[in-house]
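Please read the following note alongside the sequence and the structure.

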Amino acid sequence: MSPVKGLLRRSCLAMLLLGISACGGGSGGGSAATPDATPVAAPPSPPTTDSSDTPESEVPPTQDFPPELRGIMGASRLASRATFGADFKTIERIETVGQEEWIEEQFELPLTSHDAEVEILLAREAAGEFDALRQSQDNDNLAAVYGRMAWWHTTITAEDQLRQRVAYSLSQIFVISDEVNALLLSPFGTSNYYDMLLSHAFGNVRDLLRDVTLHPAMGLYLSHVNNARSDPESGTFPDENYAREAMQLFSIGLFELNADGSEQLGSDGQPVPTYDNNDIREFAKIFTGLSWGGENNRFGSDRYNFTEPMRMFDAFHEPGEKVLLRGLTVPAGQDGLTDIEAAIDNLFMHPNIAPFLGKQLIQRLVTSNPSPDYVARVSAAFDNNGSGERGDMRAILRAILFDPEALAEPDPESSFGKLREPLLRYTAMLRQLGVSSPDGFYANLGFFVQQLIQQHPLSAPSVFNFYSPRHQPIGELAEQGLVSPELQITNSNSIVEVSNLMRYAVVADLVNDLSDPPFLKAGLTLGDFLPLADDVDALITRLDTVFTYGTLSADTRNAVRELIELLEEPELRIRIAAYLVLISPDYAVES
């Protein structure tokens, strides 16, 4: 067991048994220290294939990487990182076609739209299908939950799983939240924003930054919709909210970084800030003049339109030149959208953006504490995809998922690993155990899940997400200079509630919180496991393969075996065995 896995396991067990919370306070950007890292100038050189004509002293050094985890277990581990959960047949197919080829296939799959599901629900409502439901629920605005319903159905059923998983990761960086009522109550408030993230999941980071900036959901959430130019007579100035977060959270972070993610230090030995209050004021001028899109709209309007980008009203855009980061001057006399394009370029070309966003994507998909070399290799892929393109998400994702450290067999001496966040534990279970509904629509609102685990997509308590990428729980992890973002929302209560959620779903088969007609109760099919029910060891091995890619400990395996050998009914045996694995530390911590 790796130090990270062991420490996280002990942390979880301590909180469960002693009731000690490991959850920190509010997640502010840059509030926690980052682990020390040694700067590197460039990614390691690839191995030399032929040095017969080169003197030994001149052969470039190579990095000695550990063996790779391949075969069915490697395919299962890739599925845990690149999907919301994969059943055994999917894992087998990944092994058959090869991990790299499967990722390329995922790149080419069409986008499964959340807006499209919302439109279907709206059409069904217009046809009168939901009249009885509305009456029984005493709810005149069922459309307020259509975005949530679209997320659950699409997440559980879509084939373009890599795109969906990457968009979810992006939603935890470029945060909006339905904690804002207008985003909750509008049927397209969150779904259209999520579709925008989906459309850029395999695109270019620069286009992503621009469309995040111009999306009305972000404009409402960070208050740059109807953000007007300065008015010296009334003493009003542009709102600085989005300007600050566009730098702090969405692109370059608080401090100047090396390519490996380590902070650059000034002559005083302190980290060098990337921006100051004057930079925030200058960027705030850039993001003025935007209001709701659509025909017949006007600046200052409150007619929400979440399906079109915000419009620029130049009469309300701050005139004059603006001086941005690293001395870039945006000249006076340009229209507002041209100013915004210049600001996006300014952020996109900043050297910080590659390690800042790259490291967070590594954390969301692979490991909480990537090595400096790992971050540097991903930064290099960000800077150049091999064809001179900067910010190519496909190249970035390949670099993250197929880095030698990501492919390595679990190493007891490494600090590799991450805690699975509660939501991903739940979605993976649903897909791995074959959740289905008689009519093919997985009807779930997510309120029951959110009540138990205090987490739901696009519903974070603040722009800082549910947890900070720099969170360091007090204790052994902090003492070793390690971070564990997901432990910020993990405490004795949340561990119990995740176990309860798994029990309701796996043992009691309660897997959706909307089964009133015309919607139907969903259930787990267990199809991959039923043929193995009579062979306890084969059943546990299959569960280990699908859930924990061969990392199930002997202690957990023995504990599961001792209990399920007492059960004779095949389906109950499978459910109890799956439940025990799903609540184990072996499953809670990815390695």
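The numbered points below take up the salt bridges and then the pocket.

1. Basis of the note. The model is predicted, so local features need pLDDT of at least 70 and side-chain atom pairs count only at pLDDT 80 or more, while totals for chains, interfaces and linings use all residues. Residues are numbered from 1 along each chain as its sequence is written, and side-chain values use heavy atoms, with hydrogens and water left out.

2. Salt bridges overall. Side chains of opposite charge can pair when their charged atoms come close. A salt bridge is taken here as a side-chain nitrogen of Lys or Arg within 4 Å of a carboxyl oxygen of Asp or Glu. The count by this rule is 30 salt bridges.

3. Arg93 and Glu105. These two side chains form a salt bridge with an N to O distance of 2.7 Å. Arg93 lies in helix H3 (residues 88–97) and Glu105 in helix H4 (residues 99–108), so the pair ties together parts that are twelve residues apart in sequence. Helices are DSSP runs (H or I, at least four residues), numbered from the N terminus. Arg93 is partly exposed at 39% relative accessibility, and Glu105 is partly exposed at 26%. The terms rest on relative accessible area: buried is under 20%, exposed is over 50%, and partly exposed is in between (1.4 Å probe, protein chains only).

4. Glu108 and Arg394. A salt bridge joins these side chains at 2.9 Å, N to O. The pair links distant parts of the chain, with Glu108 in helix H4 and Arg394 in helix H18 (residues 393–401), 286 residues apart. Glu108 is exposed at 57% relative accessibility, whereas Arg394 is partly exposed at 23%.

5. Asp383 and Arg390. The closest N and O atoms of this salt bridge are 2.8 Å apart. Asp383 is partly exposed, at 38% relative accessible area, but Arg390 is buried, at 16%.

6. A network. Salt bridges also link Arg364, Lys418, Arg420, Glu486 and Glu590 in a network.

7. The second largest pocket. A pocket is an open set of points on a 1 Å grid over the protein atoms alone, where a 1.4 Å probe fits, with protein on both sides within 12 Å along at least five of seven lines; lining residues have an atom within 4 Å of a point. The second largest pocket holds about 360 Å³ of space, a volume being the space filled by probe spheres set on the points, which are joined across faces, edges and corners. Of its 19 lining residues, Asp87, Thr90, Ala158, Gln161 and Arg431 are the closest to its centre. H4 gives the most to this lining, with three residues.

Terms used. Helices (H or I, at least four residues) and strands (E, at least two) are DSSP runs, numbered from the N terminus.
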